[in-house]
Amino acid sequence: MEQNLPGVFTAKKKDGTLYYRSSITYKRKHISLGSYPTALLAYGAYLEGTSLLSDVSLSLADFSAHRVLPFAKWVCLINFRDNQIYFATPIYIRKSYFEYFLSPEDVLKFDIDDLFYYSSHKIMRRGRHFFVADYGMQVNIMSRYGIKNYAVRDRDYRFVNGDDLDFRYENIEIFNTYHGVIRKETKSGTRYVAKIHLNGNYTIGSYESDVEAAIAYNKAIDILKKAGINKNFSPNYLENLSPSVYADIYSKLKISPKIKAYLRV
């Protein structure tokens, strides 16, 4: 009798334990609904999946803990029903953006341009850090938006509307693009301060542009390395500058005497 339940198939684990798989076909798309310890649970998943795909009155707000299917599968099925496209990750497409549901409460927003990437990369989280597995490595999704791992919110970047789950490009403003560079507002205008970490933070100098500050940071690295300080510094790469322009700025930049004083300590 159990084997005749629609959408239910038996399977065995390596140790011989029997379990039940549930699946459904919708618009010629075969969709796995998961594995279950009993045939009745697997059948319940099939019935629930059928309802989600056929009843447009059912929404994500109708999900509760007593449902058979996990919430992520609800998102996948309802998106398929409403938007005619199936994703294996919990994505729901809106008019000009899409939502990625980590849970009913935690919803990330992204521009449509990122749809292909997140439809093939599962987002995981550790506290408030969101990352994906990419080529066997854990990659912080913030890096896709120019936010460095060490960046501090509201100092190096900010979310324009205050929502730190909204990763749409228009909502992310980067203040400090380069290593060791911090933008500061002064009475005389915006300045860019270059700092380098040795035994504590050392100020390299204050400059009119972030490009100058970034090059000053590189110059300080060069000075320290020539003196035998072999820390794992990360130099700045300025792809839009020609070698001659870079060299001209580099030669004119002044570096704080504190850097040379550190070498004499």
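**Close-up 1. E185 is an exposed residue in this predicted model.** Its relative accessible area is 55%. That value is over 50%, so E185 counts as exposed. E185 forms a salt bridge with R183. The closest N and O atoms of this pair are 3.7 Å apart. R183 is partly exposed, with a relative accessible area of 30%.

**Close-up 2. D156 and R155 meet through their side chains in a salt bridge.** The N to O distance is 2.7 Å. Is D156 buried or exposed? D156 counts as buried, at 4% relative accessibility. R155 counts as partly exposed, at 35% relative accessibility.

**Close-up 3. A salt bridge joins the side chains of D163 and K109.** Here the N to O distance is 4.0 Å. Where do the two residues lie? D163 is in the loop between β10 (157-159) and β11 (172-174), while K109 is in strand β6, so the pair ties together parts that are 54 residues apart in sequence. D163 is partly exposed, with a relative accessible area of 25%.

**Close-up 4. R128, R153 and D164 are linked in a network of salt bridges.** How many salt bridges does a search of the whole structure find? The search finds 12.

**Close-up 5. Strands β4, β5 and β6 form an open sheet.** The strand order is β4-β5-β6, and the pairing is antiparallel. β5 (residues 97-101) and β6 run antiparallel and are joined by five bridges. Look for Y100: its bridge partner in β6 is L108.

**Close-up 6. Helix α2 lies across β4 and β5.** The helix spans residues 71-83. It runs at about 25 degrees to β4.

**Close-up 7. Strands β7, β8 and β9 form another open sheet.** The order is β7-β8-β9, with antiparallel pairing. Which strands stand at the edges? They are β7 (124-126) and β9 (137-140). Each has a single partner strand, so one side of each is left without a neighbour in the sheet. On average, neighbouring strands here are turned by 45 degrees against each other, direction ignored. β8 (residues 129-134) pairs with β9 in the antiparallel sense over four bridges. A133 stands opposite Q138 in β9.

**Close-up 8. S23 is a buried residue in strand β2.** Its relative accessibility is 9%. That is under 20%, so S23 counts as buried. Which residues does S23 touch, not counting those up to four places away in sequence? They are G7, F9, H30, I31, S32, L33 and Y46.

**Close-up 9. Y19 is found in strand β2 (residues 18-26).** Leave aside its neighbours within four places in sequence. Y19 is then in contact with F9, T10, A11, K12, K13, S35 and Y36. K187 is 168 residues from Y19 along the chain. The C-alpha atoms of Y19 and K187 are separated by 70 Å.

Note on methods:
Residues numbered from 1 in each chain as written. Predicted model: local features only at pLDDT ≥ 70, side-chain atom pairs only at ≥ 80, totals over all residues. Heavy atoms only, no water. Pairing = 2+ DSSP bridges. Contact = heavy atoms within 4.5 Å. Axes fitted to C-alpha atoms, helices over the stretch in contact; angles between N-to-C directions. Buried < 20%, exposed > 50% of the residue type's maximum accessible area, 1.4 Å probe, protein only.
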